[in-house]
Protein chains: 2
Amino acid sequence: MSRGRRFDWERLQDFCAQVLQRAGAPPAEAEVVAESLVYADLRGVDSHGVARFPIYVRRLEQGMVATGVKLDVEFDGPVVRVDGKNAYGAVVGMRALEAAVATAKRHGCAVVGVKHSNHFGTCAYYAERAIAQDLVFLAMSNASQTMPPYGGARPFLGTNPLCVAAPAGNEVPFLLDMATSVVSRGKIIVAAQRGEPIPLGWAVDKDGRPTTDPHAALAGAVLPLGGAKGYGIAMFIDILAGVLTGAGFGKYVHNMYENWQQPQNVGHLFIAIDIARFMPVEVFKARMDRYIRDLKSEPTAPGVDEILVPGELEARTARLRRQQGIELPDAVAKELADVGKRYGVRLDDAEWTSMKREA
Amino acid sequence: MSRGRRFDWERLQDFCAQVLQRAGAPPAEAEVVAESLVYADLRGVDSHGVARFPIYVRRLEQGMVATGVKLDVEFDGPVVRVDGKNAYGAVVGMRALEAAVATAKRHGCAVVGVKHSNHFGTCAYYAERAIAQDLVFLAMSNASQTMPPYGGARPFLGTNPLCVAAPAGNEVPFLLDMATSVVSRGKIIVAAQRGEPIPLGWAVDKDGRPTTDPHAALAGAVLPLGGAKGYGIAMFIDILAGVLTGAGFGKYVHNMYENWQQPQNVGHLFIAIDIARFMPVEVFKARMDRYIRDLKSEPTAPGVDEILVPGELEARTARLRRQQGIELPDAVAKELADVGKRYGVRLDDAEWTSMKREA
């Protein structure tokens with residue numbers, strides 16, 4: 001089966017940044033948004049990659065996100081309050097990340113609460129930068145309504161992502177970045193774009209019935225992972241990232257695909273801990289290496305080749321896609337090309353060729 | 001079916017405290033351990049209640065936990081490092097909680113890392129105190145090996161609990177306290193004590209095969225919730241509570257039932273955030289009330305009477321059990337009575353009578 005066209009990640013990023021600039025975003029903002037999306041594609045998290053680019057551009061065109069605004073960042077000891085002023089989520093997230101790193105290095109830890117933001121892509125984008133600074137990092141964000149509460153019949157909670165990361169020494173770093181649904185809603189979007197069915201148990205239709213049709217699922221609701229527990233996790237993220245920060249929560253986080261009257265008012269919460277306050281960083285990394293080696297040398301269940309650490313598969317995929325290009329489904333590539341045309345930016349220029357590496 | 005004997009919670013707590021004192025614990029330590037266990041029974045979390053009391057006493061008798069030691073607590077801005085010196089987990093946990101509250105009130109947030117601790121009961125015990133001080137609170141602890149990694153065949157991770165709590169105004173506070181397994185291992189212990197089968201999907205036997213026999217499950221492994229995601233959550237708790245704090249992690253957290261040579265070296269991590277740094281506490285509580293009311297007024301799925309907030313059922317159970325006594329399975333009551341006999345403390349004195357309330 002032909003799965004689509006392949007693109008060079010750097011040129012694909014340039015394509016996105018060019019379009020955003022021509023649509024009115026300052027170069028630095030265009031860069032960070034483009035980078036955060038392509039970063040997700042590189043890691044194989046296609047649901048959070050350039051498949052979202054057309055809606056990102058449309059939000060800008062419709063005046064639903066702000067560009068070139070000065071964010072409010074209030075430092076209060078180890079606590080930081082960020083008002084994202086409705087800028088792109090990645091722009092806000094990166095500013096919050098910088099504040100988290102600086103604050104944790106200075107005070108030993110940081111709690112950064114963010115309001116008035118937008119969809120900020122994959123949390124791993126921020127987490128990878130934090131662990132490179134020898135921090136342990138937690139990131140969470142709320143999102144618009146896609147999951148019913150436990151015992152409920154219709155969407156109330158977002159698939160609020162939870163991300164936790166820690167550096168290692170010689171081993172792969174720990175980088176968990178998960179939606180609190182059984183699967184990410186984005187995976188269902190990708191299935192719909194590819195015209196593939198989804199497994200039973202991922203979602204219900206608009207009447208609460210189980211479904212394998214991705215379109216019916218998108219009209220209905222994805223389910224929280226692990227029943228009541230996943231519901232509780234999605235809820236605490238809404239409380240920390242939304243209720244506490246002053247952002248929207250529950251039905252007050254607006255859908256970027258459907259609501260063209262109000263800003264999303266997404267909230268994020270970052271927690272960063274300076275490892276050096278607990279032990280020398282090298283000792284911590286040696287302990288992480290031992291932990292990961294212990295884990296990976298455990299006997300595997302029948303049919304399993306290898307025990308993987310969260311983030312390991314994504315790191316391998318990124319290495320591969322840097323070398324061999326990022327394959328996009330035809331439907332996604334066509335949408336991107338159409339967006340590009342509106343701004344005179346050619347997607348074709350981003351296409352991967354085996355010659356390119358020698359050029 | 002007769003399910004056991006009923007006990008008055010205050011007298012049951014006195015019973016446990018008396019026994020611990022006669023076994024050598026200072027009164028203040030005996031009180032906090034007894035209170036933390038009975039607190040779990042009150043909330044219906046029987047798996048973490050006095051069913052654990054016999055092993056707690058045995059650990060003390062065998063010199064496997066320390067009593068009357070002075071804990072090391074190092075304050076370093078918003079970061080606190082606690083060396084539990086192998087005291088009872090509840091004693092260490094309560095000291096860490098006090099440090100978290102004081103530090104968050106002073107600096108705006110607190111990260112408290114704890115090493116050299118023991119099984120510290122239910123996280124909700126600490127969380128309830130934190131939210132009473134208008135803090136948002138996260139607690140996690142690692143535990144000895146009971147769950148295989150995703151793709152693994154034998155226990156490597158503990159059912160490392162995660163707890164998040166936030167106060168509300170007029171509504172029930174949010175209090176999520178969950179094991180990262182499909183169910184808590186303690187629930188399987190309770191099923192074994194009651195001679196009841198467990199549902200398929202909770203656990204595997206020692207060869208990795210699915211089982212409904214609680215004894216086979218206890219010899220095997222409970223499964224992480226939600227597959228790879230629950231595995232990732234259990235792992236990050238081990239990293240934060242264990243690798244980072246200097247406590248044991250993975251196989252270096254020792255089993256309190258099986259290892260009589262080494263201290264458990266359990267690790268905990270508490271994160272506390274002072275709500276007042278983000279908004280007036282009354283505003284936060286009004287936002288929580290609105291969130292909870294919105295949620296509870298959602299339409300329910302067929303067959304569901306009411307949408308519950310995490311902690312709501314437990315709060316109701318506690319109210320009921322305070323009034324009507326705590327029912328313990330005969331096997332648990334017999335074990336407790338036997339422990340009491342060794343120290344001349346009568347469990348019968350804790351039995352609930354309808355007359356008692358008038359006394």
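# A walk through a two-chain predicted model

Let us begin with one side-chain detail: the charged end of A:R59 sits over the ring of A:W260, 5.0 Å from its centre. Here, "over a ring" is used when NZ of Lys or CZ of Arg is within 6 Å of the ring centre and within 35 degrees of the ring normal. Another such case is A:R322, whose charged end lies over the ring of A:W9 at 5.3 Å from its centre.

Residues are numbered from 1 along each chain as its sequence is written, chains are lettered from A and ligands numbered from 1 in the order in which they are written, and side-chain values use heavy atoms, with hydrogens and water left out.

Now look at the sheet of chain A. Its seven strands form an open sheet in the order β2-β3-β4-β10-β5-β6-β7, with mixed pairing. Strands β2 (72-76) and β7 (174-178) of chain A stand at the edges with a single partner strand each, so one side of each is left without a neighbour in the sheet. From one strand to the next, the twist averages 10°. Strands (E, at least two residues) and helices (H or I, at least four residues) are DSSP runs numbered from the N terminus, and two strands count as paired if DSSP finds at least two bridges between them. Strands of a sheet pair through backbone hydrogen bonds, either parallel or antiparallel.

For one example of pairing, follow β4 (residues 109-117) and β10 (residues 266-274) of chain A, which pair in the antiparallel sense over seven bridges. In this pair, A:C109 stands opposite A:I273 of β10(A). Helix α8 (residues 228-243) of chain A packs on the sheet, where it touches β4, β5 (135-141), β6 (162-166) and β10 of chain A, and its direction makes about 95° with that of β5(A). Contact means heavy atoms within 4.5 Å; axes are lines fitted to C-alpha atoms, for helices over the stretch in contact, and angles run from 0 to 180 degrees between N-to-C directions.

How does chain B relate to chain A? A rotation of 180° with 0.0 Å of shift along its axis superposes chain B on chain A, with an RMSD of 0.0 Å. The two copies are thus related as by a two-fold rotation axis. In chain B, the C-alpha nearest that axis belongs to B:G226, 2.5 Å from it. The superposition is by least squares on the C-alpha atoms of residues with pLDDT of at least 70 in both copies. The copies meet through the same surface, because 100% of the interface residues of chain B are also interface residues in chain A.

Next, step inside chain B. Buried means under 20% relative accessible area, exposed over 50%, and partly exposed in between (1.4 Å probe, protein chains only). Strand β3 (residues 79-83) of chain B runs parallel to β4(B), joined by five bridges, and B:D83 stands opposite B:K115 in β4(B).

Helix α5 (residues 124-132) of chain B also has buried residues, including B:A124, B:A127 and B:I131. The buried residues of this helix pack against α2 (27-42), α4 (89-107), β5 (135-141), β6 (162-166), β7 (174-178) and β10 (266-274) of chain B.

Rings of Phe, Tyr and Trp (its six-membered ring) pair if their centres lie within 6.5 Å; planes under 30 degrees apart count as stacked, over 60 as edge-to-face and the rest as tilted. By this rule there are 22 aromatic pairs over all chains. The rings of B:Y125 and B:Y126 have centres 5.2 Å apart and planes at 75°, so this pair is edge-to-face. Both B:Y125 and B:Y126 are buried.

Finally, visit two loops of chain A. A:R43, between α2 (27-42) and α3 (53-61), is buried with a relative accessible area of 7%. A:N86 lies in the loop between β3 (79-83) and α4 (89-107) and is buried at 14% relative accessible area. Most residues other than glycine have a negative phi. Yet A:N86, which is not a glycine, has a positive phi of about 65°.

How values were computed. This is a predicted model: local features need pLDDT of at least 70, side-chain atom pairs count only at pLDDT 80 or more; totals for chains, interfaces and linings use all residues.
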